[in-house]
Structure formats: C-alpha cells, structure tokens
Amino acid sequence: MSDSQVSAAVAKLYDTYPFPPEPILDEPPPGYNWRWNWLAAYNFCMGRKPQKQDIRILDAGCGSGVGTEYLVHLNPQAQVVGRSPGI
C-alpha cells in the first residue's frame with residue numbers, strides 16, 4: 001500500500017468515525033478543564049509558574065482536532081500544531 005493510499009484510508013476512517021466525536025466549533029469550547037491550559041498544567045506538575053509563556057504545543061494524534069481547538073483557545077500565546085498519524 002502506498003503512502004497516498006494509507007493517507008486516503010486514514011482520512012476515510014476519520015470522515016466516517018470522527019474522533020473525538022464532538023463537533024469542531026468556531027468559538028471557544030464550552031466549559032474549562034485546567035489540563036488544556038499550559039500554564040495551569042505546568043504549575044500543577046512543577047509547583048511553580050513557567051519562566052516563559054510563548055511556547056509551542058504539539059497535539060500528536062489529534063484526531064478530528066477538537067482537543068487541538070481547546071489548546072488553541074486556552075493557550076492564546078502558544079503556537080499550537082495538531083498532527084494525526086498517517087496524514
């Protein structure tokens with residue numbers, strides 16, 4: 001199977017069975033979960049605030065991008081990249 005055939009099969013899978021199944025919105029996602037906020041997660045794990053806020057976040061295996069959307073809206077100073085396997 002060629003790379004383009006694999007990419008087409010993965011795209012078809014996500015189009016048929018989106019994951020996560022929540023819709024992608026053009027507005028901040030509803031609710032708030034501290035784990036999606038880089039500053040809150042860092043402070044929780046390290047017990048202190050980070051020295052810088054302009055960071056890059058990779059959402060590896062992002063599926064449909066719903067989680068990436070949370071990361072973008074809750075980390076406005078970060079550069080966020082979503083990457084699904086096979087695409």
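Contact here means heavy atoms within 4.5 Å. With that in hand, some notes on the model.

1. Ground rules. This is a predicted model, where local features need pLDDT of at least 70, side-chain atom pairs count only at pLDDT 80 or more, and totals for chains, interfaces and linings use all residues. Residues are numbered from 1 along each chain as its sequence is written, and side-chain values use heavy atoms, with hydrogens and water left out.

2. Asn75. I'd start with this one, in the loop between helix 3 and strand 2 (79–83); helices (H or I, at least four residues) and strands (E, at least two) are DSSP runs, numbered from the N terminus. Asn75 has a relative accessible area of 5%, so it counts as buried (under 20%; exposed is over 50%, partly exposed in between, with a 1.4 Å probe and protein chains only). Leaving out residues up to four places away in sequence, Asn75 touches Trp36, Asn37, Trp38, Leu39 and Ile57.

3. Trp36 and the rings. The structure holds two aromatic pairs. One of them, Trp36 with Tyr70, is tilted, at 5.2 Å centre to centre and 40 degrees between the planes. (Rings of Phe, Tyr and Trp, the last by its six-membered ring, pair if their centres lie within 6.5 Å; planes under 30 degrees apart are stacked, over 60 edge-to-face, the rest tilted.) This pair links distant parts of the chain, 34 residues apart: Trp36 sits in the loop between helix 1 (3–16) and helix 2 (38–46), Tyr70 in helix 3 (residues 66–74). Trp36 is partly exposed at 29% relative accessible area, while Tyr70 counts as buried at 18%.

4. The core. Which residues make up the largest nonpolar core? Ile55, Ile57, Leu71, Ala78 and Val80, five residues. The term covers buried Ala, Val, Leu, Ile, Met, Phe, Trp, Tyr and Cys residues joined through side-chain atoms within 4.5 Å. Leu71 is in contact with Trp36, Ile57, Asp59 and Val80, setting aside neighbours within four places in sequence.

5. Ser84. Worth a look too, in the segment after strand 2. Buried or exposed? Ser84 is buried, with a relative accessible area of 8%. Beyond residues up to four places away in sequence, Ser84 touches Gly61, Cys62 and Gly63. Ser84 and Val10 are 74 residues apart in sequence and 9.2 Å apart in space, C-alpha to C-alpha.
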